[in-house]
Amino acid sequence: MRKISVLLVMFAALLAGHSFAQQQVRYVENAHIINDAAMIGSLGLQSPQPNGIQTVACGADTLAYARNKSNGLRVLNMNGANSAAAFGQYYDAPQPISVSKLRFHAYKLNTAGGPASNIVVEIYNARPDSLPLGAPLRTATVVVDTNFYGGSLEALEKVATFSSPVLLTGAYVVVVRNNSSNPMGIVVNDYLTQDGANEWLASAQFSGLWRHSYEVNVAAVPLNCDMLLDPVVSFHISANFTSNPACISAAGNVGFVNTSSPILHHRMYNVAAFLNAVGHSATWNFGDGSSDQRLATMLDTIHYYNAAGSYVVTLHDTLYGWTRNCAADTAIALGQSPESQFSHTHTNLVVQFTDQSLHNPTTWYWRFGDGTVSNLRNPLHTYTNAGSYQVCHWSISTCGIDSICSTVTVTCPAPTASFSSTTSNLTVSYMDWSTGGANAWEWNFGDSTFSTAQNPSHTYTAAGNYLVHLRTYNACGMDSSWYWLTLTCAAPVATFSLTTNLLTASFSNQSTGLGVSWSWDFGDGSNSAQLNPVHAYVNTGNYTVCLTATNACGVDVACESLSVSITGIDDAIEKGFQVYPNPAASVLQIAAQLDHEEPVQLVLCDLMGTVIKTIDWGIVSAAHMDIPVDDLAAGTYFLQIRTGSGTVVKQVAVLR
């Protein structure tokens, strides 16, 4: 074996001007991990509750496995020139874990190259021979300075945090690297006392080549020690176990095998396993109230049951981490052969069956007595007919099978039909009041029309007497109800009043009746369907206005005569206004030339009398006004010029 010397830096010659002849790096106070199995057993555990298989997240725990193997500590020189450029420490991954940080203890040995150095931290997959494999999975950088802090292990600790946790499913190696020639001291276990316990988990890299620690000598002493490279890890644990037998049909022993997460049994992660006391990580509750706990804290155990029965056995697993603990529970029901029982409720032909079997069956089977079956635990079954049926129920588990049969009587009343109606002229709204669970309806309205709605509305074509018939159905039968419906239908009464103002007439509709629509004839060839229209006549004269009121039951017409005229117009006033151009394309101009001042208002209407524009001109004697008409459609319009003395109406045209 090729032996490679590594410079051992003892505390007697760590830094010039310091005397450390008999010193070693000291532990921080209270930093020792509990190393007595009896202590672990005396910590006290809460009584777990049956809650099924449980998986919990654990971490972040700092693995102090290497430190707790040691009897003492040493410092090794690490540099990229004449010593090892990197040291590694191997760790198992008995199940998927994630590594987020790495803790180590180091300082710069002298000020060569400056008071501080950048140290690289890496994590690799491990080869089968425990050396780093391939390229690093993640890299981080830590600054190390020359401060020795009096040898305090806590003060010398450096923490490298990876940019994201490294997910690992197999063994891995954590590495600290100093590629420069400036030496760094790194704290390791005491190789003089062989603190590596011949596990050879450490490794060193020289000139790019990785070596096992058993290939490396320090002053002719094999490097049988561990590097204090402590990864910060997170993982999940699940508690689980099996039993033999699974059924307790008589008094006797039952064996239990712990099948929980493998990390619970691993000495690198569980302090109890490290101390060969892994049984303290498993606490059993056998579910029979037994006070004999001699076998209740073994990884795999056995328990004597005094009688057959059903018992809920609970396993409480605790991983005693190096910096924090993590626990999970699981519960499994052990039983005897099931005892089949059931109950039922029914509504008409629908029956709800409920399993009430004892001793935890896992499978169920039903025969409903009508040729149908089910394997649901609590089935809902619909029979075709009322009657009595022999229903049989089987309860099955790994412990056995049991059955029970019972007569189930199903009754099914038909519905009772009933309904009411409200009318509005010829429209009738029907309301179903049937009882007994009707789920289908059939209406005959007595006029050869039908409906299957529950609450239909129907409009008849004429007044009269109709025999209305309702049939209601459910799975159990049918019932019917009927009565004679008498429909009367009142025709509307048309009436209105009116007022006039010069050429404009306003109408007030005072008709009576239900469901009425209106039609107005203004006597000048115009009409409207408004309730209370306002109409502007073009010419003075006498007109006959008629209102027609209509509903489903008839028609009524009311007519009134009216006279519209323009009064009080002085010839001088009419001659005092000129409107031009007429026809107009974009602007209608009005020129006023009066012999005295008058208040003037301009109102522009269409042929139907609808007001389009109203302009208050003010007090006018001699003035000019432009009215834009480029926004109007081509056609004929009326311009009313209203003064204090009277009104002038001008007919104007708009061209496009």
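## Aromatic pairs, disulfides and burial in a predicted chain

The chain contains 30 aromatic pairs, a pair being two rings of Phe, Tyr or Trp (for Trp the six-membered ring) with centres within 6.5 Å, called stacked if the planes are under 30 degrees apart, edge-to-face if over 60 and tilted for the rest. One of them joins Phe241 and Trp284, which count as edge-to-face because their ring planes stand at 75°, with the centres 5.0 Å apart. This pair bridges distant parts of the chain, as Phe241 belongs to strand 17 (residues 241-244) and Trp284 to strand 19 (residues 282-285), 43 residues apart.

The structure is a predicted model, in which local features need pLDDT of at least 70 and side-chain atom pairs count only at pLDDT 80 or more, while totals for chains, interfaces and linings use all residues. Residues are numbered from 1 along each chain as its sequence is written, and side-chain values use heavy atoms, with hydrogens and water left out.

### Aromatic pairs

Burial is expressed through relative accessible area: buried means under 20%, exposed over 50%, and partly exposed in between (1.4 Å probe, protein chains only). Phe241 counts as buried because its relative accessibility is 3%. Trp284 has a relative accessible area of 2% and is therefore buried.

A further edge-to-face pair is formed by Phe496 and Trp520, so classified because the planes lie at 75°, with ring centres 5.1 Å apart. Phe496 is placed in strand 37 (residues 496-501) and Trp520 in strand 39 (residues 517-521), so the pair ties together parts that are 24 residues apart in sequence. Both Phe496 and Trp520 are buried. Elsewhere, Phe419, Tyr430, Trp443, Phe445 and Tyr483 are joined into a cluster by ring pairs.

### Disulfides

A disulfide is a covalent bond between the sulfur atoms of two cysteines. With the criterion of two cysteine sulfur atoms within 2.5 Å, a search of the whole structure gives 6 disulfides. When the bonded cysteines of the chain are numbered in sequence order, the pairing reads 1-3, 2-5, 4-6, 7-8, 9-11, 10-12. The table lists the geometry of some of these links.

| Disulfide | Sulfur separation | Angle about the S-S bond | Handedness |
|---|---|---|---|
| Cys58 and Cys326 | 2.0 Å | -70° | left-handed |
| Cys412 and Cys476 | 0.8 Å | -50° | left-handed |
| Cys546 and Cys559 | 2.0 Å | 110° | right-handed |

The link of Cys58 and Cys326 is left-handed, with -70° about the S-S bond.

In the disulfide of Cys412 and Cys476, the sulfur atoms are placed 0.8 Å apart. Distant parts of the chain are linked here: Cys412 is in the loop between strand 29 (400-410) and strand 30 (419-424), whereas Cys476 is in the loop between strand 35 (464-474) and strand 36 (477-487), 64 residues apart. Cys412 is buried, its relative accessible area being 18%, but Cys476, at 21%, is partly exposed.

The link of Cys546 and Cys559 is right-handed, with 110° about the S-S bond. Cys546 lies in strand 42 (residues 541-551) and Cys559 in strand 43 (residues 554-564), 13 residues apart. Cys546 is buried with a relative accessible area of 19%, whereas Cys559 is partly exposed at 41% relative accessibility.

Cys225 counts as buried at 2% relative accessibility, and Cys605 counts as buried at 4%.

Ser100 is part of strand 6 (residues 97-108). Its relative accessible area is 18%, and Ser100 is therefore buried. A contact requires heavy atoms within 4.5 Å. Leaving aside residues up to four places away in sequence, Ser100 touches Ala160, Thr161, Phe162, Pro165 and Val232.

### The chain as a whole

Helices (H or I, at least four residues) and strands (E, at least two) are DSSP runs numbered from the N terminus, and the chain has 4 helices and 48 strands. Among contacts in the chain with a separation of 6 or more, 67% are between residues 24 or more positions apart. Of its 656 residues, 44% count as buried. Accessible areas follow the Shrake-Rupley method with a 1.4 Å probe, and for residues only the protein chains shown count as cover. The accessible surface of the chain is about 30,800 Å², and 50% of it belongs to carbon and sulfur atoms.
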